[in-house]
Amino acid sequence: MTTHSVPTVAFDPVDQAMRFADFPVYDEIRAQGGIAWSPSHGGFWAVADFALARLVTTDHDRFRSGSGVRIPPNGTPPTFALEYDRPAHTVHRGILTDAVGPRTAPHLDAMVRGHARRLLATCTGDTVDLGGQYAFRLSLDVMFDLIGAPAHLKEEVELLAEALFLYRRPLPDGRDAAARLQEILEEMVADRTAHPREDWLSSVVSRLDDAEHALSEREVHGAIVALLVGGHHSTARTTACLLARIASEPDLQALLRAEPGRIPEAVEETVRLQTPLRWFARTAADDVALGGVTVRAGERVLLLYAGANRDPQQFPEPDAFRLDRPKGRAHLGFGWGIHRCVGMPLAQLEIRVAVEELLAAAAVVEPAGDITWTSSTEPRHIPCVLR
Ligand code: HEM
């Protein structure tokens with residue numbers, strides 16, 4: 001860091017209090033010019049200004065992802081595509097785009113809809129939990145189905161993802177989460193090497209022996225993590241946030257019933273407002289002048305997408321949920337630049353289908369108690385009455 005005076009902020013991305021208390025920090029950073037130095041975890045620049053954050057995401061040569069995008073690192077193999085720079089990133093991106101990109105996602109509609117209907121059919125009690133019984137089941141079922149991952153691992157993978165990638169907390173039984181994830185990845189690869197099937201897992205494992213386009217074992221592990229972990233909580237959280245809003249705002253519910261073509265706008269505004277994945281880091285490859293400070297080569301920059309998405313310069317009345325935003329899709333909830341979420345088409349489809357199927361299954365969706373929020377972006381339990 002430069003020695004002369006720079007804006008500073010006390011921000012620790014793994015502080016559990018930040019699950020509910022991060023928004024005032026973003027305002028504090030924006031009030032100082034949009035970028036500030038945090039001394040946590042060896043020090044990093046925190047960016048909460050929309051224009052600055054987007055600039056960093058598109059300057060791939062000077063702001064790299066290959067040294068990791070998590071502060072502090074979490075001890076897992078680098079996530080495929082996400083934690084690589086070009087040229088490896090381009091190869092990875094192609095493999096993932098084939099699985100979940102814009103040409104493939106529309107063909108997954110029937111599979112996603114089938115899971116949504118099956119789950120809704122189990123929501124029969126006086127009160128149903130649209131978080132635990134529906135949103136958080138749906139994306140897990142979809143990702144396991146899409147990949148061909150063993151169904152008995154669902155609950156464990158969910159716990160591991162929370163321990164390693166989301167909350168950074170120990171497993172309830174005290175085991176080492178990174179070591180257990182590694183074991184699971186090795187088991188999956190060994191199983192599909194011995195018994196290949198017609199699924200995505202087998203196809204990615206077969207790249208280990210591909211004479212021309214081989215992937216290393218580390219890359220194959222990272223690819224499995226990219227879909228298994230990247231595709232679940234992010235989508236589940238957004239779905240749950242939108243369902244909670246639909247249940248508690250009768251006018252919005254009536255509008256989406258009358259004009260289902262507006263559900264995608266509601267999905268996008270939910271991703272902006274709730275920003276389910278709040279921050280990702282880059283590392284500067286050169287000295288770069290950014291928003292009045294100098295980021296030195298080797299320093300890390302944490303892009304606070306949740307802060308950028310509530311930047312009033314970009315989104316007037318940023319805390320309001322509005323369907324008619326002129327720049328509604330130009331948010332950073334899916335990132336931007338070459339690392340912009342490769343699963344975006346699938347996520348958009350899943351959340352839209354979850355809403356469509358819920359509204360088709362019940363003429364009225366009403367709240368039936370307090371929502372349990374695990375973080376300000378995660379309504380885990382949403383008690384409701386469906387009539
Ligand atoms: C609403 C749901 C989702 C949200 C909010 C979300 C958010 C994001 C964000 C912000 C990034 C950019 C990371 C960065 O800038 O470093 C990203 C990248 C990525 N996402 Fe998503 N994501 C969602 C759903 C999914 C799904 C369904 C999948 C997989 C099926 C997925 C897989 C990935 C992968 C592999 C990357 C890395 C892409 C690359 O580096 O080229 N995501 N996501």
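**Exercise 1.** Find out what covers the buried residues of H13.

*Solution.* Start with the cover: it includes helix H2 (23-31), H11, helix H12 (250-258), H15 and strand S10 (372-375). Helices (H or I, at least four residues) and strands (E, at least two) are DSSP runs, numbered from the N terminus. This is a predicted model, where local features need pLDDT of at least 70, side-chain atom pairs count only at pLDDT 80 or more, and totals for chains, interfaces and linings use all residues. Residues are numbered from 1 along each chain as its sequence is written, and side-chain values use heavy atoms, leaving out hydrogens and water.

Next, count: ten of the twelve residues of H13 are buried, so the helix is largely enclosed by the rest of the structure. Buried means under 20% relative accessible area (1.4 Å probe, protein chains only). Among these buried residues are Ile263, Val267 and Leu273.

**Exercise 2.** Check the span of helix H13 (residues 263-274).

*Solution.* The rule is 1.5 Å times one less than the number of residues. For twelve residues this gives 16 Å, and the end C-alpha atoms are 16 Å apart, which agrees. Just after H13, Thr275 takes a positive phi of about 35 degrees.

**Exercise 3.** Which protein donor does the iron atom of the ligand have?

*Solution.* Donors are N, O and S atoms within 2.8 Å of the metal (3.2 Å for Na, K and Ca); water is not among the atoms, so sites may look incomplete. The only protein donor is Cys341 (SG), at 2.3 Å. To locate Cys341, look in the loop between helix H14 (305-308) and helix H15 (344-361).

How values were computed
Buried means under 20% relative accessible area, exposed over 50%, partly exposed in between (1.4 Å probe, protein chains only). Contact means heavy atoms within 4.5 Å.
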